[in-house]
Amino acid sequence: IETQFTRLDASVKALKSVQQKLEIYRKAVLNATFKEIDTKPLTKFCNNFKQDIVDGPFGSDLQRKDYLLKGIPVLKIQNVKENQIILKKMDYISSQKYEELKRHSFQSGDIVMTKLGNPLGVSAIVPKEMETGVIVADLVRIRSSNCNVKYLCYALNSPLISQFINSKQKGTTRPRVKLSIVRELPIPFVSEEKQIQIVQFIESKFSVIEKVEEVIEASLEKAERLRKAILKSAFEGKLVKMEEARE
């Protein structure tokens, strides 16, 4: 068993190493794309930044007791991953509560960003299937009508913005960034046509990364199944026979 597990562990370690390198490569693509481009504050990409860039309600305005099993969705930090909204373990509120918190609402096509935790500034676009909802206090909703939303989301997830946010963050145990800092984030400014080209370039690179990640995930699942199969064979006495035959 130890011989087989040693071989298996080495393979799993190699696969996870590739996973880490892919994440580094993903950041490198964004860094190379947005570096050395003149920037403008995020507020310049919105019509009315006070309405278009808002954080969630105070904790006392939205409490655990307000959550329901069905209703209008509430986005929390755990629902926001880089370039992806996770629609699992969702909480909901009533229509009445939604009206009370409408200033903190989102709609499909908005960008939601984390302003608490590590890493800070993780951003994703609200998908079409989520027509509306509200965010919690530790998120920021960004609505831009003056920019390609995919371009803006990729820019927000770039090392350029990550470095800026981390240089301004407050709090030692739980890093946090102020709404005022989010509103002043330095966004690379290019023409609408160039934004589309950049999005196409990034997505062409990311599609290759995602295909490799799918292969790695499938291989890791296969490795786990193999681990269980090794144990099963060992307890059935088949593993010894296999090793004897190999010798």
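Lys89 is exposed in this predicted model, with a relative accessibility of 79%. The residue lies in the loop between β5 (84–85) and β6, and its phi is positive, at about 50°, although Lys89 is not a glycine. A positive phi, near 65°, also occurs at Glu36, again a residue other than glycine. Glu36 is placed in the loop between α1 and β1 and counts as exposed at 78% relative accessibility. A further backbone feature concerns a proline: the peptide bond from Asn118 to Pro119 is cis, with omega near 5°. Pro119 belongs to the loop between β8 (111–114) and β9 (123–125).

**Salt bridges**

Side chains of opposite charge can pair when their charged atoms come close. The count for this model comes to 15 salt bridges.

| Arg227 | Asp9 | 2.9 Å |

In the pair of Arg227 and Asp9, the closest N and O atoms are 2.9 Å apart. This pair links distant parts of the chain, with Arg227 in helix α7 and Asp9 in helix α1 (residues 2–34), 218 residues apart. Asp9 is partly exposed, its relative accessible area being 39%.

Arg64 is exposed, with 57% relative accessible area, while Asp91 counts as buried at 10%.

Lys102 is partly exposed, at a relative accessible area of 43%. Salt bridges with shared partners also join Asp9, Glu224 and Arg227 into one network.

**Cysteines**

The criterion applied here is a pair of cysteine sulfur atoms within 2.5 Å. For Cys46, the nearest cysteine sulfur is that of Cys147, 9.0 Å away, and Cys46 is in no disulfide. For Cys153, the nearest cysteine sulfur is again that of Cys147, at 11 Å, and Cys153 is likewise in no disulfide.

**Loop residues and their contacts**

Ser144 is located in the loop between β11 (139–142) and α4 (149–156). Its side chain reaches the backbone oxygen of Phe45 at 2.5 Å. The side chain of Ser144 also reaches the backbone nitrogen of Asn146, at 3.4 Å. When residues up to four places away in sequence are not counted, Ser144 touches Phe45 and Leu152.

Thr43 is found in the loop between β1 (39–41) and α2 (49–52). With 13% relative accessibility, Thr43 counts as buried. Apart from neighbours within four places in sequence, Thr43 is in contact with Phe49, Ile53, Arg183 and Glu184.

**Helix α7**

Phe201 is part of helix α7 (residues 192–235) and counts as partly exposed, at 40% relative accessibility. Not counting residues up to four places away in sequence, Phe201 touches Val29 and Thr33. The C-alpha atoms of Phe201 and Thr33 are separated by 8.8 Å, although these residues are 168 residues apart along the chain.

Phe235 also has its place in helix α7, and at 71% relative accessibility it counts as exposed. Together with Ile1 and Leu231, Phe235 forms a nonpolar patch on the surface, with about 320 Å² of accessible area together.

Definitions and conventions. Residues numbered from 1 in each chain as written. Predicted model: local features only at pLDDT ≥ 70, side-chain atom pairs only at ≥ 80, totals over all residues. Heavy atoms only, no water. Helix = DSSP H or I, 4+ residues; strand = E, 2+ residues; numbered from the N terminus. Buried < 20%, exposed > 50% of the residue type's maximum accessible area, 1.4 Å probe, protein only. Contact = heavy atoms within 4.5 Å. Patch = residues over 30% accessible without salt bridge, like charges linked within 9 Å, V, L, I, M, F, W, Y side chains within 5 Å. Areas by Shrake-Rupley, 256 points an atom, 1.4 Å probe, with all protein chains shown as cover. Salt bridge = Lys/Arg side-chain N within 4 Å of Asp/Glu carboxyl O. Polar contact = N/O pair within 3.5 Å; in protein donor to acceptor, adjacent residues only side chain to side chain.
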